[in-house]
Structures are given as C-alpha cells and as structure tokens.
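Here is my note for your review. Please read it beside the coordinates.

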Amino acid sequence: MKVPPRKKDLIDIRSLSREEVEYLLESAKPFKELFSQSVKKVPTLQGKSVLTLFYEPSTRTRSSFEIAAKRLSADVTNFAVSTSAVVKGESILDTVDTLQAMRVDYVIVRHQASGVPGLIARHTRASVLNAGDGWHAHPTQALLDAFTLREVHPETAGRRVLIVGDLQHSRVARSTSRIFHMLGAEVAALGPGTLVPSHRPEWLRTFSNFEAAFAWRPDVIYLLRVQRERQHDQFFPSVHEYHHQYGVTAERLNRIRGEGIHIMHPGPVNRGVELVDAVMDYERTLINRQVENGIAVRMAVLYWLKPGTEERHG
Amino acid sequence: MKETMLLDEAGVASAVGRVVESIAGQGRDLPLVLVGIHTRGVPVARRVAAALGNAVAGIGTLDISLYRDDLDSRGTLPVLRGSDIPAPVDGARVVLCDDVLFTGRTIRAALDGITALGRPARVELAVLVDRGGRELPIQADHVGHAVETNASQRVRVRLSETDEGDCVMLYEVGPEGDS
C-alpha cells in the first residue's frame, strides 16, 4: 500500500483523498492491535504536547482523543473554555496566540460554529484536528464509522447504509455519509421532513418512512442522536412521536434481527428515543465497537499528521 | 554508483548456516522464540526457524515503526504492518532476527517493541550481516557475516522471499546511506 505524504491538519473528510482515507483506515488496524498487548502504549509521540480545546461540551470525543494521545505517549492538556461565554472571532485568535506561545504540537478543537477549526489551523504551526464544528464536519467520527463498517463488511462497495434522524443539523451525518459514499456504499436518509436537508448531494437517497426504508434492504442502520437540547425548536412534535416513527422499537428490532442488519450510533444513546434497551444487547449492534475503534483511528490520525515547523501568519 | 557483491547465493546460505549453528550452540533450557523485524528480518527468521526445526517454540514478526525516534524528520511514513507473535514471549528466549546491523537504532526500537509484549527471560540478536558503524551500545549475539563499512556505503540484502534471488550487495552512495 502507498503511504500518502503527511498533512498538517484534519479539518474535514472533503479535504481527504480516497487514497488518504484508505491509508488511515488501514493504518488504524495495527493501532487497534496494540490494545491487546500487555503494554498498550507506544513511545511514538513522546515529548509532544496535545491540547484539547472544546468550546462545546463533550465527554466521549474528548476522552477518546485524550486516550489516543496518551497511548502514543504524548502529554495532554485540557484547555478549559467557558461554555457559557459567547466566543467571538477575535477571542479565538487570542486563544491561538496563547497556543502558539505554549508551543503545543497538536490542537484538538470542537466549536459550535462551523469553520473555527479551519481558522485556527491557518494561524498556528500546530496540527489542528477538528473534533466537530457546528453542522459542518466531524472527520474522525466519519473515519471510525468507516473503519467499523469495514470490519463487518470488508467490501464496502455496494453496501447499503440507512442513516436515521436529524440530518439537517448533524455534522456526524454530513461527514459519515460522505465517507461511506466515498468508499462506494449506497447511502440513504430517513427522518422527519423538517430534518432532512433540502440541499443534499444527489447520491443521497431519502425515505419518508421505515417501511419503505426496510424494503430497500439496508445492511446497516445508522441512528443519529436526537439532540434533545434542540427539542424546543419544534423540528418534530415530541420525543415519543419520534420514537414511534423513527426509533428502533421492539418490533423493528425483530425485523432487523431477522434480516441480520447491523446497528451503529455515534453515542451517547437516548434509550427509549432512538432505540429500545434491547438494541444494546443485540449481537449486531456495533456501538461499543465504534467507541473502541475511535481510539485506534484517532491514534492513526495523530501519527500521520505532521505539525508545521515554522511560525505561520495569515 | 559502484557496487560490489559481498555474498552470493551460496554465501547467503552459509551466513544463515552460521547464525543457525550459533543459536543452536548456545542452546538453553528455555522456549526459543524467533522474531523477525519487518521487512527482511522476517524471511531471515523463517529460514533460521526452518533449519532449527523442533528446537523452535514459536516464530513471529515485529513492526518497530511506532517505536522509532525519528517521526519528526519523516515526510512520508512507513507502511504499518503490525506485530504478530503467536507464542508467549514471557519467560522465553527471544532471538530478534534482522538482515543488517548498522547503527543499532532499529534494535533499540525493537527492544522497546518486544518488552511491550511481555517479559522474555532473555533477548538475543541474530543478523545476517553486521556492517559495523554502531551509534548505540548494541551488539549481535549471532552473526552470519561481518564486514567493516563506512557511512557513505550502503549494504543491501536481497532475499528471494522479498526480492529476486539471494545476495548481499555493497553500494557506494552518499553520506546519507542508511542501512
């Protein structure tokens, strides 16, 4: 396999070539193998510093990056950002100056506004990893989803993935559907009409109800998290109604089991909303595997990226 | 570019033979595990294992890429192959196998890699060619062929498993020659 030249940042899946995606998915495998060694840590990033900069609350993504960086022997610092403060463009660049002075090598950024990780990347020599920005992108989530899909379906071409939920406001849906499409899978969306984007790529098929989606015979059902904090925006009538129409209910689980369909979810799950409890015990539910794979994929990304050596201004 | 053949096919075979004798001659009452370092240490370990037969408890491969100390200076990365050692290394006599021993940096990384997998009773080093030029205090226990070289030369081992035929070549390159 060819190893593509190293890049400084990972901002979105769109900026990766197919070759780069294939390389990252392939190189995540040996990182995952390390998890079963007696020493799970490698000295690869010894002496490097990784800073997590989360303007939006997150436990799993931040922990996953933190574990990935620590297994590579990097030093990790969590930069506390007040979540209540309205962060203006100006103060972001002030923060960047601070990072520059701290001489960190890698910055992991999550922000509620699209484009912030890219902005930071252009102003620092450190490698910037986008851990989710607004509705824009969540590239490491997409990579871990693709890695997980490959584990159960090594030949991704022609596989059918049904994404269920709020596609309009989901960076996960945006990045993950893109990478699945890149790998040759067929991707379809199912969700409330108000939550399926009107401007969508022509390769994205849509369904309005589960019955029609089942008839399409998906190999994987990817459930998006219902963002209850958005419930007040009234995009769907009620959580109960959502579950009834778009959730994996006990009856739908029977059908899913019968057809051998795999279930994915980026976490954290809302039991009783996107899925019933029994889904968590279903043998083709890949949710915990996604968490484990997330660490391996993030290690592969940290290994591949190369922080800049010179101060950059612009 | 000037090139000299250090060992031909028969020379490679007798170098492997010397390594095999040396390992067998220092036989200990411990399970013997041969570990080939990617890339060409792998066929070296396989050939040695084939000659030693039942004396070998296990054979594996080791990828030292993640244990190297030169990530900063690399624009392109090596292909990661992962390590695969099916036999337990705890309490074993592990013999690391490689094609060429030069600066010793690969072996330093390999020692980190092997100790991450467990705690061998002892670790030894077997190489097909020892070309001198050490930058670290590391020596081989089992050497197939020893030759003094300088930094502007390059020693290239070819083995039929990965290349066309068996031989060891010496090239005159620049000071950047690395193996």
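Predicted model: local features only at pLDDT ≥ 70, side-chain atom pairs only at ≥ 80, totals over all residues.

1. Residues are numbered from 1 along each chain as its sequence is written, chains are lettered from A in the order written, and side-chain values use heavy atoms, without hydrogens and water.

2. The predictor gives the complex an ipTM of 0.85 and a pTM of 0.91. Chain B has a mean pLDDT of 93 (the predictor's confidence in each residue, from 0 to 100). In chain B, 97% of residues reach 70 or more.

3. The largest nonpolar core holds 85 residues. A nonpolar core is a set of buried (under 20% relative accessible area, 1.4 Å probe, protein chains only) Ala, Val, Leu, Ile, Met, Phe, Trp, Tyr and Cys residues joined through side-chain atoms within 4.5 Å. A:Phe31, A:Leu143, A:Phe180 and B:Leu96 touch the most other members. Helix α10 of chain A (residues 287–304) gives the most, nine residues. Helices are DSSP runs (H or I, at least four residues), numbered from the N terminus.

4. Domain 1 (13–138 + 293–304) and domain 2 (139–291) of chain A both give residues to this core, so it lies between them. The bounds come from an automatic or database domain assignment.

5. A second, separate core has 28 residues, including A:Leu190 and A:Phe210.

6. In α5(A), 12 of the 14 residues are buried, so the rest of the structure largely encloses it. Among them are A:Leu143 and A:Phe147.

How values were computed. Buried < 20%, exposed > 50% of the residue type's maximum accessible area, 1.4 Å probe, protein only. Helix = DSSP H or I, 4+ residues; strand = E, 2+ residues; numbered from the N terminus.
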